[in-house]
Amino acid sequence: NFIHSLSSVREKIEDPNDGGIASFRSGIQAAVSFSSTSRMDTLRARISDALKRVNEILKPNVVEGSRHTKPLGPSQLFKSVLGHGGCVTKEQLQTMTTQGLKEKMAKHGWRVTSHLVAPEIEKVNPSALVDREHLAQNLHTFMRPVGHIIRNSDRDSRLLCRMQMGLPLHALEDLRDRLSKALQLEVMDDASKALLDEERRFKTAGTSTVNFLVIKFKFNGMVIWTAPEENAYFGRPGTPMFAVRLADHPDVVVPVFLPSFDIRRKAETVWYPVKTLRDQFSTLLQRIQHQTEGNTKRSAQKRWSRARSIRQQNKECPSGLSPEIDEDNMDEVEIAPDIVDNTEPDGYTRPIAVAKNAFICRIRRRMGGVAFDRAQTKNWFRTALEDAFPETKMLQADKNDSRAYKTYIMSRFMNLSKTMTVGMDRSGSAVLKGHINCKRVQDPEQTAIQDGVTLPLCTAPEQVTNNSPSIENLWISETVFVRVYIMSAHKLDVGSLGLAGNLAFKPYFSASLGVDVQHGKVIEFVSPGSQTVNFYQKFVFQSTFPGTALLNLELMHKGIMNDTVVGSLVIDIEDRLLALKRRSFREASNEDFLRKRIAPKQCLRGKKERDLTEGDVGWGEPVDPELDQMYGTWLKPHRAFSEPSPIECEKLSRLDEENAGEGRAGLLRYIIDFTPAGSYVPEDPEIYGQTEFQVRLTVYSVENIKVFRDFGERNDVYVKANFRSQDYDGNVQSVNHTTDTHKYARKMAGFNWNMSFNCRAPSTECSVEMTLMDADKFGDNDLIYYPKYYSLDHHLWLAYKEHREGRKPLNLLTDTIVFDRWPKVEEPMPTCSCAWWRRLKRKLKADKKMFATMKIGISIVPKCEADKEPFEDGQFSMPRDRFSYVTAMENPNATAKMLLGPTRWLKLRIFVGFWIVVIGLLILFMTIYFIMQVNGGSR
């Protein structure tokens, strides 16, 4: 459906009587038999119909009450498994944890990753997957209404909305413009081509994506404002969506804005995976804690066993020794196995089959990024004022032309702004501002009226006071805090600094508002030739407006002798404050604006929080907010919070001495917030600074090797580790390490080898590639198994998070890497199975008996902590079962078996045994024959 393929986070619009663009092709084919004029008229009718429908999408007719207001409950999501085959009951779903539900459903062949999605039948063969109707429930969307109560005892009450993501709104606007141009074409071929291009483009794009945004609020409170149903599309970061009044602090109202999905700048917005089909974010921490407790219990058990043996020795032969630990009542402990099965498909080297509309993964936005939930623009006046002044959208000007939009807005209350100069000096800094308004001061006589034109009566006052223009234009004095946040500079041109400046560029920012001058921190380390510098520095000014107007931002270079200006930017703060004051009055009088911003439509009395805060309700069926007309809390209509100031991108200018003008020095990204004195101060952006970490990798052993590259079914095994990491600045680090060689290894190879790598966190990539190799004296080394990637992204992020929160470093994690893919082997190890079955399993790579496992230990510690606990690379202890000449002489039978291999050794034993038996029988027969001959001769 054409309408559905273009809808994005809005109500689905269906029209069964029209197939949308899909009907265009049939319309074109049916028009072949018509005349050229008929075909052209038919085609234009089709384009007009499509244009009409696109306009309906951009301005939909909202039906009141069509929006879903609550998530699906257990009876709907788990309808396919409730009471079916003893899987799970509705009563169990109310109290069962997600992990318990996952384990219980896995026993019955169902995959459950969350209680918020429908269960899925697990299939090994992807070709056997079919569309399942019950998984369509995963496409459900909702927004909580006004009066919704958020409680910690009800985990689903914290979910404020679930919204489907899709095509952006500007794609629809672009389609509308191109359809309008296609409608004006006169040539049949061009119109057909344009129409088919549109059809092909949006047919390839498909319907809305199956990605969903879920917003969760973690404090107790009540929703007092929700975006009205007229807002069917949310396409700009910073758009207000909810307002929640906290239960513990009734005077605090927290706004909820649409988050930013711009992942180009990792220091601002970062989304990291918290749950996949295999595990979730907390699994790693649970594994580390689980192994730490197990190691503690093992150590205690060893100490207790040693103390018990010493006490037994003292009883049998007293020697005056005392036990090390007196723990008589300690029982034997059992260590549970690891909670992760590494032999199952991991989604990296072996795929995981997933059905349509089923859950795949969940990513979460990191904490501290709320301050970056803003629109990005090159034209502050258009972005900040276009909602309140819809007439600005009709301007025939470039959307990035800030001067045209500023002139249009300021002409209403300040149309005079000129730089004051003296004589021939044109570099003046003083600015004269005002407003010129012309009015007639006397009505004309009736005899002066010509051609029947009636002039309006005079509106000028008899006497003009000095204060009237200021009041009319809202020129009211106000003390304001100006918060300037410098984010980053891009495409910098530092050629004017010379060779020394390019090689040792040390930038910093200087900001001034009136006589208040502030300097930022110098960035000491900038890569040579880099055109991008991240600052993320804040400057705060206090001033009275109207008054000090110009904010000067200068990018400086810290030189040895003096500082040099690289680029500068001048911003008129006074104009922006006056425009914002006008916006506040316009928002209160614009009917279309108020219709999309005021909620609820009428006064309500919602049930109080204290009536529903006791008891643990578990996971029950969701309900709409309850009303209490007698004792409920008044929920009055509220207007939405204003959107935060956008992130601006402006060019930095510098004086061009050669052309006697201004040149371009780069681009600057910044934020300017205005806060009246005494009001709420917005949250400062939280930047995750780079921290040095050390990755400690220990390779213990490799077991169950079933692929052999040398004669005698053995390998000279060594492990090659390729570590790769990339930080937020794009710096890539790649380091290779290898272990020593375990010669004449067969099924097992031991190493006990330590490796260490340095990296920076947070990072965009951190992984290690482990490869099993066979060392050869002549020729290239052979690959035993294909490389295995071991991702450290999750582990590094967890270590960084623990370090930021002031906790101690994570303990050692013992993990197993499964090598499940290998090159073709000419002489595989024989088994007892049939040859055809063995070839089939080897072809499908489904024989788990061929999988090799490597036991490793991973520990990631901050660099400051790593220096306190040294970690030496290399072998920390001699592994067992290594070949040596001493062991060869002590056990020649095992040495021969190792040199020949088990298969040849078995053949040799059979061959030797056969001939020993044959020769023995011959000797026996000959002996018997000789005895019989001797006894016969004696007779």
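Aspartate 820 and lysine 788 form a salt bridge in this predicted model, and their closest N and O atoms are 3.5 Å apart. The pair ties together distant parts of the chain, 32 residues apart: aspartate 820 sits in the loop between strand S35 (813-819) and helix H17 (835-844), while lysine 788 belongs to strand S34 (residues 788-791).

| Salt bridge | Closest N and O atoms |
|---|---|
| Aspartate 820 and lysine 788 | 3.5 Å |
| Arginine 265 and aspartate 262 | 3.6 Å |
| Arginine 595 and glutamate 591 | 2.9 Å |

Take a look at arginine 595 and glutamate 591. They are 4 residues apart in helix H15 (residues 591-595), so about one helical turn separates them. Arginine 595 is partly exposed at 35% relative accessibility, whereas glutamate 591 is exposed at 54%.

Now let us turn to the nonpolar cores. The largest one has 54 residues, and Leu697, Met770, Leu772, Tyr785 and Met854 have the most contacts inside it. Strand S31 (residues 749-761) contributes the most to this core, giving 7 residues. Apart from this core lies another, of 33 residues, with Val526, Leu551, Leu555 and Leu569 among them. What does methionine 854 touch? Leaving out residues up to four places away in sequence, its neighbors include Val699, Met770, Leu772, Asp815 and Phe819.

On the surface, you can find a nonpolar patch formed by Leu908, Phe911, Val912, Phe914, Trp915, Ile916, Ile919 and Ile923, with about 780 Å² of accessible area together. Valine 912 lies in helix H21 (residues 902-938) and is partly exposed, with a relative accessible area of 38%.

Finally, here is the chain as a whole. Its secondary structure comes to 21 helices and 37 strands. Of the 939 residues in the chain, 38% count as buried. The accessible surface is about 53900 Å², and 53% of it belongs to carbon and sulfur atoms.

Conventions:
Residues numbered from 1 in each chain as written. Predicted model: local features only at pLDDT ≥ 70, side-chain atom pairs only at ≥ 80, totals over all residues. Heavy atoms only, no water. Patch = residues over 30% accessible without salt bridge, like charges linked within 9 Å, V, L, I, M, F, W, Y side chains within 5 Å. Areas by Shrake-Rupley, 256 points an atom, 1.4 Å probe, with all protein chains shown as cover. Salt bridge = Lys/Arg side-chain N within 4 Å of Asp/Glu carboxyl O. Helix = DSSP H or I, 4+ residues; strand = E, 2+ residues; numbered from the N terminus. Buried < 20%, exposed > 50% of the residue type's maximum accessible area, 1.4 Å probe, protein only. Core = buried A, V, L, I, M, F, W, Y, C linked by side-chain atoms within 4.5 Å. Contact = heavy atoms within 4.5 Å.
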